[in-house]
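Thank you all for making time this morning. I would like to walk you through one structure, with the sequence and the model on the screen as I talk.

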Amino acid sequence: MTDERQYSHWVGDGCPGGHQERIAFIVPGLAPASYSGNSRVHWAKRHREGAHYGLTVQILAQAAKPVRNGPVWPYAHVTVLQRACRLRDVDNFAASFKPGLDGIVKAGIIADDGPDHVQVTYVAERVRHRGDQCVVVSIERLDEHEWCHPEFHRCDGGGPGEYARYISAEPVR
């Protein structure tokens, strides 16, 4: 597996708007499958697994955050890369990563995980070995101008734009 430290980084160009700020980190393993809509597990097990995964993401996000008590980002673009032997479809993967998004909010990086504050892109990549399975999270701060750009969000008064996109990589041969 790729060294985790190379993904835990922050990039900033020093601009007053801070639109180039980005945090990235790796969460080992996969998001809890018990959060999938197809899962038939007891609610207590789902809660336990979600709380553990959310806390793991929160700790990793806080470790990657450049300023420990810095301001939260009002607008952000989150890219979640699922690296798995058996890829989940977009609905199941998005549902299973919900505790992870909550962990990022609790870490104090983004203001909220709703469509008024964050745009999420889910990317899937097949790996060959179970030891290589992980979730790579990249969070990019957006300023108000970028948030109103049609690619990210509609500002025409018609409500939020596309909340989540899903990209699937070519299968490993």
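The structure holds 0 disulfides. Please keep in mind that what you see is a predicted model.

Now the overall picture. The protein has 4 helices and 6 strands, and from the N terminus on these elements follow the order β-β-α-β-α-α-β-β-α-β. There are 173 residues, of which 39% count as buried. The protein exposes about 9,500 Å², and 52% of that area is supplied by carbon and sulfur atoms. If we take the contacts with a separation of 6 or more, 80% of them are between residues 24 or more positions apart.

That brings me to the charged side chains. How many salt bridges does a search of the whole structure find? The search finds 5, and I will go through some of them in turn.

In one of these, the side chains of Arg-141 and Glu-21 meet at 3.2 Å, N to O. This pair links distant parts of the chain, 120 residues apart, since Arg-141 belongs to strand S5, residues 134-141, and Glu-21 sits in the loop between strand S1 (9-11) and strand S2 (22-28). Are the two partners buried or exposed? Arg-141 has a relative accessibility of 19% and so counts as buried, and Glu-21, with a relative accessible area of 15%, is buried too.

Another salt bridge joins the side chains of Arg-83 and Glu-125, at 2.7 Å from N to O. Here the partners are 42 residues apart and again link distant parts of the chain, with Arg-83 in strand S3 (residues 76-84) and Glu-125 in strand S4 (residues 118-126). Arg-83 counts as buried at 17% relative accessibility, while Glu-125, at 27%, counts as partly exposed.

The next pair is Asp-113 and Lys-98, whose side chains meet in a salt bridge at 2.4 Å, N to O. Lys-98 is in helix H3, and Asp-113 is in the loop between helix H3 (98-106) and S4, which places the two 15 residues apart. Salt bridges that share partners then bring Lys-98, Asp-102 and Asp-113 together into one network. Within it, Asp-113 is buried, with a relative accessible area of 12%, and Lys-98 counts as partly exposed at 34% relative accessibility.

Finally, I would like to turn to a serine. Ser-96 lies in helix H2, residues 90-96, and its relative accessible area is 0%, so Ser-96 is buried. What does Ser-96 touch, leaving aside residues up to four places away in sequence? Its contacts on that count are Ala-31, Pro-32, Tyr-35 and Arg-88. There is also a polar atom of the Ser-96 side chain that lies 3.0 Å from the backbone oxygen of Phe-93.

I am happy to take questions.

How values were computed: Residues numbered from 1 in each chain as written. Predicted model: local features only at pLDDT ≥ 70, side-chain atom pairs only at ≥ 80, totals over all residues. Heavy atoms only, no water. Salt bridge = Lys/Arg side-chain N within 4 Å of Asp/Glu carboxyl O. Buried < 20%, exposed > 50% of the residue type's maximum accessible area, 1.4 Å probe, protein only. Polar contact = N/O pair within 3.5 Å; in protein donor to acceptor, adjacent residues only side chain to side chain. Contact = heavy atoms within 4.5 Å. Areas by Shrake-Rupley, 256 points an atom, 1.4 Å probe, with all protein chains shown as cover. Disulfide = S-S within 2.5 Å.
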